[in-house]
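This report describes selected features of one protein structure, from helix packing and sheet order to individual residues. Please keep the sequence and the structure in view while reading.

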Amino acid sequence: MADLAASTRSVVFRVTGLPVGKAEEIVTSLTAIINQRLSPSELLQIEYTVFPIPSCDNIHTSSALVDFKNGIPLFLSHLVKQPLEDHPVETDHGDINFDRHFFGFTQLYYPDLACPIDADVIAITGIDGHAYGSWRGKGQLGRMWLRDFLSKDLPTCRTMIYGYNSKLSSRGIDKIMTYGMEFIEALKQIRNTPELQRRPIIFIAHSFGGIILAHCLVTAKQADEEDHPAIATLHKATYGILFFATPHKGLVIDDIQTMLAGTENHPRNTLLQQINLKSDLLISQLGDFKNLIRDRKIVSFFETEQTQRLEWDLTTQSWGRTGSYITAVDMNSAILELPSQMETPIPLHSDHSKIIKFESRNALGYKFALEKLNGFVADAPKVVLERFSTKKRKHPADDADGHPKRAQSFVEDSPDENNQRATARSLRQTVDMYLESIALPSTFIAKIDAPQRQATVAARSNIRPSLDWFFDSPEFSTWISGESSSFLWCSGIPKSGKTVLSCCLKNYLSVREAHMRRREIISIFCASVREQMGSIEIERILGYIASQLLRNNNNRLQTVSQQHPLRDWLPACIPLPFEGDFLKSLWGLIWDSMTASSNCEIILILDAVNEIRPQEAREAFLSNIVTHFNRARSEKHITIKVFVTSLPFGDIQKAFKDLPSIEKDKERQACLRTLRCEEYNARQNRIETAEENTGDWILSHRAFETWDKSPNSSLLWLHGKPGSGKSTLVKRVVSKMKSMQAKRRNISHSNYEKTTREVDTEYVDQLATDHNIIVASFFYSFRGGKNETSHTLMLRSLLYQILKDNKTGNTQISLTAILIKVPMQIQRLDC
């Protein structure tokens, strides 16, 4: 029930049938086609932007979105009055087509090609809505959040919108069933291979779009997988749904009926009766739908503001929402009333139309939706893969042909599922008893999760590009792709993101590559151990590794308990010294646990091993890690991959000197060596340092404050006569800015002398959102000859300073400059 984008803002058209090519080629080609059809006055007045997009249902063509501002070209103006029509254009490469209706599927952006696609995100709008405009904000910027925001926040998803003709003013005779049939046929076009059919789907549905979706999922559940694989797999592939004000129990439609009352026997009346409050059809469909989504994730957003009724506007001679206020879809109709572990109801302070319009990424509704979507995307690949990997077993509620009967209530866990859970609990208890019997109480083997702040950063969808240096490196490729055991050590300075990298690596291996082979991932975050227990004792780390290995495989426990009977263990109590027979036996227990099962890949992630103290304990631990890894390389029936992060301590470097390593800062340091030039700050060094407080007047000057506080790139022109002290003043300003920079970062020169532990405790989750300032300066001088007037040296100098100061590689650089003696018409500050 959302309207098209307002005509006072830009208008977006879709272009289909374009030849396949690079994005730049598509933009150039389509721009030429449009410009040929614009008059001279239109070329001066109309602005437009071309956004290439993939064609999600035809690999032989491409598509594009064209955003027109300041008016619509005359050759497309008929589509304003007739928005359901098309405008074909003949080109040298075949016919292309312009439209505003967006019928069918439209993919909104190119996913990140460096990563596998995690899921299909499909958005369906409501009745009398528009596939594109209904999701677009009404503000001046007119952001379409599914494209403008999700392209940044969900770059590994194929995000699409689905359009259909639900215009109430049209003479359509469609019903829920026919809309559902059309939607399913369109889905078959975009999921036409076995790989696509098994890709997870996340639906976003508004209003009547949710009714169509529910009908389709009920239909898909009843389809035969052999005869109609694209339809039958739809139910399995569906992981989660975001419902926005979906009237599961009916919609208030009396104002719509009033609008259609002037036309006798209007064909849309049949559809309105199907979606009216307390509709028998909706109540029947709701029962079927609730019973088939018992293991899906549902989020139900409902409106908390009323919507104006449709009313005839005498001025515009059209129907608009200018009447009295009504509650279009109340909470009772918008919520499925499922158990809390299945459905999350969320109120939004919006009316029925604005509930899916988010003006910015900071909008509360968008934050809620994005949080749920991120969770869906993280979990969906593994869950959906398991659904397709599990053979269908006949359920007692199935009929003779194996099809589900109409269920009257939610189906409880099957006996097999209960047995599996009981077996898992029994195995954990048995492992705990065994460990306790060997003087390693299970209560001392706590779950070792990543530090919360770093784990939160790692979960952000925009973190991956900042880690491309690692995931795209040959070192990582060699480590992960080999069939044999491998080792990789990543070192770096404090706050360079090592723990975040470990979290992302764990997530990557757990979700995106879990299907590649039998894989067990054991991760230990030493900083978490220290925070939880105050110190890091080797036996606790080894005990945790042993417990995880034994709990993962019942056969291991049987084998290991025979190899390590109770009589072999010395009486002991926690805590224990790091040396001694007990520790040696623990290492033996871990090795025998690893080798007890074949055809399995064990990945061990050890983060921040520099936290292990004292140094003697750390050296002994690392020595054993290297020894057991070298031993594993000679064993053909096991594969052990070890990933370690740490600060570049000398003893750690010595322990890993012969093993593969990767260092994020290595390339930056090499680049700095090539850029380094003794003359880069020669003029600045010659300028005498001013007396204290000299030139402080400039810091409170309005022009300086405007320039300093500007969130965008900006210029400030400092103008004065020769010898008036401009260079001295600028040197003072640069010094002040660097001092303020240090305060903003909460790091002064004295901080560099802190202990490593003190520095690490200052870690904050700024990896993906660090907006620290970098101050780079260059002073021109004719007196210094060519070096001090060289533009090449200036660029080299500024680049050197930026790279030198940006040690984490994640700082957002905002370019600012003070120009001296440059006669430009920009902001001027006389001195």
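Axes are lines fitted to C-alpha atoms, for helices over the stretch in contact, and angles run from 0 to 180 degrees between N-to-C directions. Helices (H or I, at least four residues) and strands (E, at least two) are DSSP runs, numbered from the N terminus. The model is a predicted one, in which local features need pLDDT of at least 70 and side-chain atom pairs count only at pLDDT 80 or more, while totals for chains, interfaces and linings use all residues. Residues are numbered from 1 along each chain as its sequence is written, and side-chain values use heavy atoms, with hydrogens and water left out.

Two packed helices are described by the angle between their axes and the distance between the axes. For helix 6 (residues 176–190) and helix 8 (residues 208–221), the angle is about 70° and the axes lie 9 Å apart. The two helices are therefore roughly perpendicular to each other (angles under 35 degrees count as roughly parallel, over 145 as roughly antiparallel, 65 to 115 as roughly perpendicular and the rest as oblique). Helix 6 contributes I176, M177, Y179, G180, F183 and I184 to the contact, and helix 8 contributes F208, I211, I212, L213, H215, C216 and T219; contact means heavy atoms within 4.5 Å. By class, the residues of this contact comprise 10 nonpolar, three polar and no charged ones. In this classification, Ala, Val, Leu, Ile, Met, Phe, Trp, Tyr, Cys and Pro are nonpolar, Asp, Glu, Lys and Arg are charged, and the others, Gly among them, are polar.

## The two sides of helix 18

Helix 18 (residues 474–481) has F476, W479 and I480 buried. Viewed down the axis of helix 18, its buried residues fall within an arc of 85°, so they line one face of the helix; the arc is that of the directions from the helix axis to the C-beta atoms. P474 and T478, on the other side of helix 18, are exposed. Here, buried means under 20% relative accessible area, exposed over 50%, and partly exposed in between (1.4 Å probe, protein chains only).

An α-helix has 3.6 residues a turn, so residues three or four places apart point the same way.

## Strand 11 and its partners

Strand 11 (residues 297–303) is mostly covered, with six of its seven residues buried. Strand 10 (residues 238–244) runs parallel to strand 11 and is joined to it by five bridges; G240 stands opposite K297 in strand 11. Strand 14 (residues 343–348) also runs parallel to strand 11, through six bridges, and E343 of strand 14 is the bridge partner of I298. Two strands pair if DSSP finds at least two bridges between them.

Six bridges connect strand 15 (residues 486–491) with strand 18 (residues 639–646) in a parallel arrangement, and L488 stands opposite F643 in strand 18.

## Individual residues

The peptide bond from R613 to P614 is cis, with omega near 5°. P614 is placed in the loop between strand 17 and helix 24.

Which residues other than glycine have a positive phi? N70 has a phi of about 65° and lies in the loop between strand 3 (61–69) and helix 3 (78–81). With 48% relative accessibility, N70 counts as partly exposed. A245 has a phi near 50° and is located in the loop between strand 10 and helix 10 (254–260). At 0% relative accessibility, A245 counts as buried.
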